[in-house]
Amino acid sequence: GAFTVKESDCKPTITGLTYQDTNATAVAITGNNQDIVRNISTVRYTASGLAGTKSASIVSVQVNVNGNSYTLTMSGSTATGGNATINSGTNVTATVTVTDSRGITNTKTVTVTMLDWSVPSAILSVNRQNNYYSETDFKVDAQYAYINGHNTITITYRCVREDGGGSAVTGSLQDNVTSVVTLDNNYAWLITITLVDGFGGTATYNIRISRGMPIVYFDRLNNAIG
């Protein structure tokens, strides 16, 4: 005669789902392979304690996270895979689904801790002193991902005369600190300012600064002021 079995008694087993960041550069900055940096960290998932019940076998292990699905590779009673970035600035849930040879499934979830990251940007101020002198004030207000205070920003500049003469003027700047750079006021200059954060995120800005234009000049021959 027919007999029935409760599906809940036949579910494949899964005891755990974990994740870790395998991007060594990112982990060196965050100091924690459980802190996942948006679009930077490489996230590997591990499902453990996998087994079929009542002579069924495991046929697939899949992780779904933030709208993406990854098939994990079985080895004994564990399965690993994913090895992908996550595009989210807030925590996400990863769900593993284990399917057995009868088509019966079981799931487990883990919350993935996300740190928001984006390419740096800046508000720039570059002005000749009194709109005339060779002494030129550079100030860069950098906007970059905080990453729990672990991220860094490097700001450099390169200035070349617009007429192609002379030699380049180069150096580095501190974030939000005014530095004085000497750019010969007889010439217009083309300035490139580059920001690079700890993850290699880069922003480049190009600025042109004119020759020094005196606000007032004295014409001694004609005894005139302009």
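**Salt bridges and their surroundings**

Modeller: The count of salt bridges comes to three. Bear in mind that this is a predicted model. As a bit of background, side chains of opposite charge can pair when their charged atoms come close.

Let's take the pair of aspartate 116 and arginine 38, whose closest N and O atoms are 3.0 Å apart. How accessible is aspartate 116? Its relative accessible area is 43%, so aspartate 116 is partly exposed. Arginine 38, at 24% relative accessibility, also counts as partly exposed.

Strands E2 and E9 both turn up in an open sheet of five strands, ordered E2-E9-E8-E4-E5 with mixed pairing. Strand E2 (35-37) and E5 are the edge strands, each pairing on one side only. From one strand to the next, the twist averages 35°. At the E5 end, strand E4 (residues 58-65) pairs with E5 in the antiparallel sense over four bridges.

Now for arginine 208 and glutamate 162, which form a salt bridge with their closest N and O atoms 2.8 Å apart. Here too the pair links distant parts of the chain: arginine 208 belongs to strand E16 (residues 202-209), and glutamate 162 to the loop between E12 and strand E13 (169-173), 46 residues apart. With a relative accessible area of 47%, arginine 208 is partly exposed. Glutamate 162 is partly exposed as well, at 39%.

That leaves aspartate 163 and arginine 161, with 2.9 Å between the closest N and O atoms of their salt bridge. Is arginine 161 buried or exposed? Arginine 161 has a relative accessible area of 18%, and buried means under 20%, so arginine 161 counts as buried. Arginine 161 also lies over the face of tyrosine 187, at 3.6 Å from the ring centre.

While we're on rings, the model has four aromatic pairs. One of them is stacked: tyrosine 45 and tyrosine 70, at 6.5 Å centre to centre with 20° between the planes. This pair links tyrosine 45 in strand E3 (residues 43-48) to tyrosine 70 in strand E5 (residues 68-71), 25 residues apart. Tyrosine 45 is buried, with a relative accessible area of 1%, and tyrosine 70 counts as buried at 17%.

Methods: Residues are numbered from 1 along each chain as its sequence is written. This is a predicted model: local features need pLDDT of at least 70, side-chain atom pairs count only at pLDDT 80 or more; totals for chains, interfaces and linings use all residues. Side-chain values use heavy atoms; hydrogens and water are left out. Rings of Phe, Tyr and Trp (its six-membered ring) pair if their centres lie within 6.5 Å; planes under 30 degrees apart count as stacked, over 60 as edge-to-face and the rest as tilted. Helices (H or I, at least four residues) and strands (E, at least two) are DSSP runs, numbered from the N terminus. Buried means under 20% relative accessible area, exposed over 50%, partly exposed in between (1.4 Å probe, protein chains only). A charge sits over a ring if NZ of Lys or CZ of Arg is within 6 Å of the ring centre and within 35 degrees of the ring normal. Two strands pair if DSSP finds at least two bridges between them. Axes are lines fitted to C-alpha atoms, for helices over the stretch in contact, and angles run from 0 to 180 degrees between N-to-C directions. A salt bridge is a side-chain nitrogen of Lys or Arg within 4 Å of a carboxyl oxygen of Asp or Glu.
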